[in-house]
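Q: Can you walk me through this one? I'd like to start with the charged pairs.

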Amino acid sequence: KCEKKRVNKRKTKIIMGGFSNMIIYKINVIDELNKHGYTNSILRDNNFLSQATLTNLRRGGNITIATLNILCLLLDCQPGDIIEISASEEEKKKYFL
């Protein structure tokens, strides 16, 4: 089960199976794409992003490096402008020595 928790106005944390995802979206990607003139139909018709990827972005799900690259090119930004890493206490215990 996946649920969203609003961290603040611009950040959403994804909670999956009790662990929060280390990746946090800093922006609403869909809104930013729309502001730059990329509607859902333009993104799909030009094979920039699939419908499944757009749905995944709307839900705050994980994306591939290839998708992150496409987003950076379309939005003229760097990966750090879109996402950030924020480990939960459980993840810190599990992954950091």
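A: Start in helix α1: Lys35 and Glu32 both sit there, three residues apart, about one turn of the helix. Helices here are DSSP runs of H or I, at least four residues, and strands are E runs of at least two, numbered from the N terminus. This is a predicted model, where local features need pLDDT of at least 70, side-chain atom pairs count only at pLDDT 80 or more, and totals for chains, interfaces and linings use all residues. Residues are numbered from 1 along each chain as its sequence is written, and side-chain values use heavy atoms, with hydrogens and water left out.

Q: What do the side chains of Lys35 and Glu32 meet in?

A: A salt bridge, 3.3 Å from N to O. The term means a side-chain nitrogen of Lys or Arg within 4 Å of a carboxyl oxygen of Asp or Glu.

Q: Is Lys35 buried or exposed?

A: Lys35 counts as exposed because its relative accessibility is 64%. Glu32, at 22%, counts as partly exposed. The cut-offs are under 20% relative accessible area for buried, over 50% for exposed, and partly exposed in between (1.4 Å probe, protein chains only).

Q: How many salt bridges does the structure hold?

A: Two. Glu89 forms one with Lys92, with the closest N and O atoms 3.4 Å apart. Glu89 and Lys92 are three residues apart in helix α6, so about one helical turn separates them. Lys92 is partly exposed, at 36%.

Q: What about Ser88, where does that lie?

A: In the loop between β5 (83-85) and α6 (89-95). Ser88 has 9% relative accessibility, so it counts as buried.

Q: Switching to the core. Which residues touch the most other members of the largest one?

A: Val29, Leu33, Leu49, Leu57, Leu71 and Ile82, out of 17 residues. α1 (29-35), α3 (51-58) and α4 (65-75) each supply at least two residues. α4 gives the most, with five. A nonpolar core is a set of buried Ala, Val, Leu, Ile, Met, Phe, Trp, Tyr and Cys residues joined through side-chain atoms within 4.5 Å.

Q: And what is Leu71 in contact with?

A: Leaving aside neighbours within four places in sequence, Leu71 is in contact with Val29, Leu33, Leu49, Leu57, Ile63, Cys77 and Ile82. Contact means heavy atoms within 4.5 Å.

Q: Last one: where does Pro79 lie?

A: In helix α5, residues 79-82. Beyond its neighbours within four places in sequence, Pro79 is in contact with Leu68 and Cys72.
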